[in-house]
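These are my notebook entries on a structure that was new to me. I set down what I looked up, in the order in which I looked.

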Amino acid sequence: MSVSPQSDGREIRLVPNVPVGTKLVADRVRDVIDACIHTDSPAADLEAAAQLIEQATQLLRKRSRDTSLQVTRSNGGISINNAIEGPCNPVAPPLTDLAYVDGETSGCVTFPTAAEGPPGRAHGGLVAAVLDHALGRAVAWTVAAAMTVSITVDYRAATPLHQPLCVTARVVSVDGRKVFAEAEIRYDGQITAVAKAIMIVVAGLPSIAPTAVSLD
Ligand SMILES: CCCCCCCCCCCC(=O)SCCNC(=O)CCNC(=O)[C@H](O)C(C)(C)COP(=O)(O)OP(=O)(O)OC[C@H]1O[C@@H](n2cnc3c(N)ncnc32)[C@H](O)[C@@H]1OP(=O)(O)O
């Protein structure tokens with residue numbers, strides 16, 4: 001396991017694979033979040049549950065590290081704690097099955113109840129975040145690692161909770177450091193939201209590639 005210093009002084013920790021134990025904890029925490037939102041338990045059960053969660057938190061805090069950004073070389077360089085794709089981040093939906101084929105980036109996501117905005121629908125901000133992330137992936141995989149300076153989202157139909165959604169993204173054009181890209185999210189083949197973004201290639205970000213990842 002190695003650490004590479006970044007231009008802003010923060011460190012990125014490289015890990016060979018998604019850590020199985022950490023992912024397991026993240027999956028269980030996702031379950032806890034869902035149970036917390038849906039529970040109709042009596043006060044005594046809620047108190048007992050809170051104590052158990054507190055005990056689990058203390059156990060996890062027994063050994064901590066400062067670095068949060070961890071990247072594995074597998075699957076095109078997954079940032080395991082990322083807010084959108086991180087399998088070890090219980091707040092990430094997460095966006096999974098990321099792939100890059102013939103210039104097209106794709107991924108899958110199922111929004112949990114915790115992502116609810118309007119009743120039964122995904123929150124628009126989270127839909128935008130997923131689109132933003134897919135755009136970032138598409139630009140990183142097609143051109144170079146970049147940051148979003150502008151994103152516009154058109155919401156065309158309800159993006160449902162608890163349903164498998166497909167996300168696709170691609171680079172449209174490049175003008176110096178500026179990269180123009182577009183993405184969409186689909187439910188059952190129908191587009192629910194479309195995004196257009198301008199991203200700026202930034203030196204010092206970890207380089208990721210679709211197949212052979214080199215982070216050294
Ligand atoms: C490893 C696994 C990871 C896995 C990760 C996978 C992908 C994750 C993607 C997530 C995406 C994000 O959330 S990114 C996070 C949110 N975004 C940010 O935090 C970015 C905040 N902004 C910045 O830090 C800065 O603006 C920079 C560094 C991006 C650019 O600053 P700069 O380097 O000084 O560049 P600057 O000269 O200002 O601009 C460069 C060119 O872009 C143009 N430009 C700038 N802003 C705009 C704009 N809004 N609309 C149009 N054009 C613009 C300028 O006119 C200029 O054009 P010209 O004169 O050259 O023609």
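The entries below go from the whole chain to its parts.

**Entry 1. The chain as a whole.** I note at the outset that this is a predicted model. I looked up the secondary structure and found three helices and 10 strands. Along the sequence, their order is β-β-α-α-β-β-β-β-α-β-β-β-β. The chain has 216 residues, and 26% of them count as buried. I then looked at contacts with a sequence separation of 6 or more: 62% of these join residues 24 or more positions apart.

**Entry 2. Division into domains.** The chain is divided into domain 1, residues 1-92, and domain 2, residues 93-201. I recorded 23 Å between the C-alpha centres of domain 1 and domain 2. Each side is represented in the contact, with 12 residues from domain 1 and 12 residues from domain 2.

**Entry 3. The record.** In UniProt, an unreviewed entry lists residues 120-189 as "domain: Thioesterase". I looked up this span in the model and found it to be 27% helix and 44% strand. The C-alpha atoms at the ends of residues 120-189 are 19 Å apart.

Is G124 buried or partly exposed? G124 counts as partly exposed because it has 14 C-beta neighbours inside 10 Å, whereas a buried residue needs 20 or more. Beyond its neighbours within four places in sequence, G124 is in contact with G117 and Y155.

**Entry 4. The nonpolar cores.** In soluble globular proteins, nonpolar side chains tend to be buried together. With that in mind I looked up the largest nonpolar core, which holds 31 residues. Its members that touch the most other members are L131, L135, V167 and A181. At least two residues of this core come from each of β5, α3, β8, β9 and β10. Which element gives the largest share of this core? It is α3, with nine residues.

I followed L135 further. Not counting residues up to four places away in sequence, L135 touches T148, A169, A181, A183, A195, A197 and M199. There is also a second, separate core of five residues, including A26, V71, I78 and C88.

**Entry 5. Strand β6 and its partners.** Strand β6 runs over residues 104-109. I found that T105, G107 and V109 make up its covered face, while E104, S106 and C108 make up the uncovered one. β6 pairs with β5, residues 96-101, in the antiparallel sense over four bridges. In this pairing, V101 stands opposite E104. The hairpin of β5 and β6 has two residues between the strands, and D102 there takes a positive phi near 50°.

β6 is also joined to β8, residues 165-175, by five bridges, and these two strands run antiparallel. The partner of G107 in β8 is V167, a residue I had already met in the largest nonpolar core.

**Entry 6. Backbone exceptions.** Most residues other than glycine have a negative phi, and most peptide bonds are trans. I therefore looked for departures from this rule. The peptide bond from P93 to P94 is cis, with omega near -10°. P94 is in the loop between β4 and β5.

D97, which is not a glycine, has a positive phi of about 55°. It is found in strand β5, and it is exposed because 11 other C-beta atoms lie within 10 Å.

H162 is not a glycine either, and its phi is positive at about 60°. H162 is found in the loop between β7 and β8. Why does H162 count as exposed? It has 12 other C-beta atoms within 10 Å, and a residue with 12 or fewer is exposed.

Technical notes:
Residues numbered from 1 in each chain as written. Predicted model: local features only at pLDDT ≥ 70, side-chain atom pairs only at ≥ 80, totals over all residues. UniProt positions renumbered as here; feature names shortened; annotations may be inferred. Contact = placed C-beta atoms within 7 Å. Pairing = 2+ DSSP bridges. Core = buried A, V, L, I, M, F, W, Y, C linked by C-beta atoms within 7 Å. Domains from an automatic or database assignment.
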